[in-house]
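My entries follow in the order I took them.

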Amino acid sequence: MDDWGQHHRYLFAVAYRLLGSSADAEDAVQEAFIRLRTSAPAELEHPRAWLTTVTSRICLDMLGSARARHETYVGTWLPEPLVAYDDSDLGEVSVLRESVRTAVLLVLESLTPAERVAFVLHDVFGMDFDRIATVVDRTPQACRQLASRARRRVRADAPPRVPVSAEEHRRITATFLKAASDGDLAELVNLLDPQVVLRSDGGGAVHAARVPVHGREQVMTLLSGLARRYASVTLRPVRLAGGDGVVLSLDAKVIGVIGIEISGGRITELNLVVNPAKLPRSGETSEPDAAG
C-alpha cells in the first residue's frame with residue numbers, strides 16, 4: 001500500500017495548520033512516516049488515523065521550540081505562504097480555507113500548544129476529543145475546554161469574513177496588480193479599505209516594517225515608497241492557500257509574496273513575506289486558474 005501517496009497531503013495539511021511553516025510541516029510528516037515503518041503495530045487497520053495522531057504529537061513537541069523562536073523574531077512574524085496550493089479535496093472547503101487565513105494563523109500563534117492542537121484537530125479536521133486526548137495527554141473533557149478557549153480567541157481576534165467568491169477575489173487581485181504595476185496610486189487608494197492593515201515579514205534579514213501598518217493613508221505611503229524603491233520588480237498573480245496573491249520577482253528570482261484578504265469589495269489585509277527563508281517554495285508558482 002502506498003501510504004505516502006494516500007496520506008501525505010492530508011498529514012501536511014494538518015501539520016501546516018499546527019506549525020505555520022511548510023518546511024517544519026514536511027519534517028513532521030516525514031518523521032511520522034519513518035515511525036510508521038519502524039514502530040507501528042504489525043496489524044494497523046487505520047493507518048491515516050495512526051499517522052495523524054503521531055504527526056500531531058510531533059507537531060506538539062515542535063511548537064514549544066517554535067514559540068521560543070517567534071518570541072525573539074525580529075519584526076512581524078508571518079506564516080510561510082503556500083503558493084499554488086489547494087487542499088480543497090481533503091474535506092470541508094470553507095473550513096479548510098478559513099483555517100489558513102493569515103489572521104487565523106496569527107491567532108493560533110498566540111494560543112498554548114495544547115490549545116492550538118485541540119482546536120485544529122477538532123474544529124478543522126473533525127477529530128473527536130477521545131483521540132485528541134491521546135495526543136495532548138489530557139482528559140477528553142480537558143481537551144473540550146482547550147478547544148473551546150481557542151475557539152473563543154479565534155472568533156474574537158479573527159472573526160469570519162463575509163464570503164468572497166473566487167471570481168471576485170481574482171478580479172480585485174488583478175486590479176491591484178495592474179494598479180501597482182502601472183503606479184496608479186488613485187486606483188490603489190480606491191481598492192483599499194479605510195481600515196486596511198499591512199504586515200511585512202523580513203525576519204530581520206531583509207528590510208521590512210517592524211510593526212503592522214494600519215489605515216489607508218499609512219499603507220499608501222508605504223506602498224508608494226516601495227514602488228519607487230523597487231521599480232524594476234515584476235509582479236504576477238498566484239494562487240495561495242486561502243485565496244489569491246501576488247509574487248514579486250527580480251531578475252527571475254522570487255523576492256516576496258503578498259497575500260491579499262478582501263471584504264466588502266475592498267482589500268482589508270496585505271501580508272507581505274520577504275523573509276528569504278520562507279520563499280524557496282515560492283519558486284513553484286502558477287497562474288491562479290491553473291492551480292489544481
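I take two strands as paired if DSSP finds at least two bridges between them. Helices (H or I, at least four residues) and strands (E, at least two) are DSSP runs, numbered from the N terminus. The model is predicted, so I kept to its cut-offs: local features need pLDDT of at least 70, side-chain atom pairs count only at pLDDT 80 or more, and totals for chains, interfaces and linings use all residues. Residues are numbered from 1 along each chain as its sequence is written, and side-chain values use heavy atoms, with hydrogens and water left out.

**Entry: strands**

I began with the hairpin of β4 and β5, which has 2 residues between the strands. Asp 251 in that turn has a positive phi of about 55 degrees. The pairing of β4 with β5 is antiparallel and covers 6 bridges. Val 247 faces Val 257 of β5 across this pair.

Next I followed β5 into β6. These two strands run antiparallel as well, joined by 7 bridges, and they form a hairpin with 2 residues between them. In this turn I noted Gly 264, whose phi is positive at about 65 degrees. Ile 258 stands opposite Leu 272 in β6.

I then checked burial, where buried means under 20% relative accessible area, exposed over 50%, and partly exposed in between (1.4 Å probe, protein chains only). In β5, 8 of the 11 residues are buried, so the strand is largely enclosed by the rest of the structure.

**Entry: cavities**

I searched a 1 Å grid over the protein atoms alone; a cavity is a set of points where a 1.4 Å probe fits but cannot get out, and lining residues have an atom within 4 Å of a point. Grid points are joined across faces, edges and corners, and a volume is the space filled by probe spheres set on the points. How many cavities of 30 Å³ or more does the structure hold? I found 2.

The largest cavity has a volume of about 270 Å³. It has 22 lining residues, and the closest to its centre are Val 100, Thr 102, Leu 240, Ala 241 and Gly 259. Two or more lining residues come from each of α5 (102-109), β4 (243-250), β5 (253-263) and β6 (266-273). Of the elements, β5 gives the most, with 4 residues.

The second largest cavity has a volume of about 80 Å³. Its lining includes Leu 63, His 70, Leu 108, Glu 109 and Arg 116. At least two lining residues come from each of α3 (47-71), α5 and α6 (113-124), and α3 supplies the largest share, 4 residues.

I looked at α5 again for burial. Of its 8 residues, 7 are buried, among them Thr 102, Leu 108 and Glu 109.

**Entry: cysteines**

I counted disulfides as pairs of cysteine sulfur atoms within 2.5 Å. The count by this rule is 0. Is Cys 59 buried or exposed? Cys 59 is buried, at a relative accessible area of 0%. Cys 143 also counts as buried, with 0% relative accessibility.

Conventions. On a 1 Å grid over the protein atoms alone, a cavity is a set of points where a 1.4 Å probe fits but cannot get out, and a pocket is an open set with protein on both sides within 12 Å along at least five of seven lines; lining residues have an atom within 4 Å of a point.
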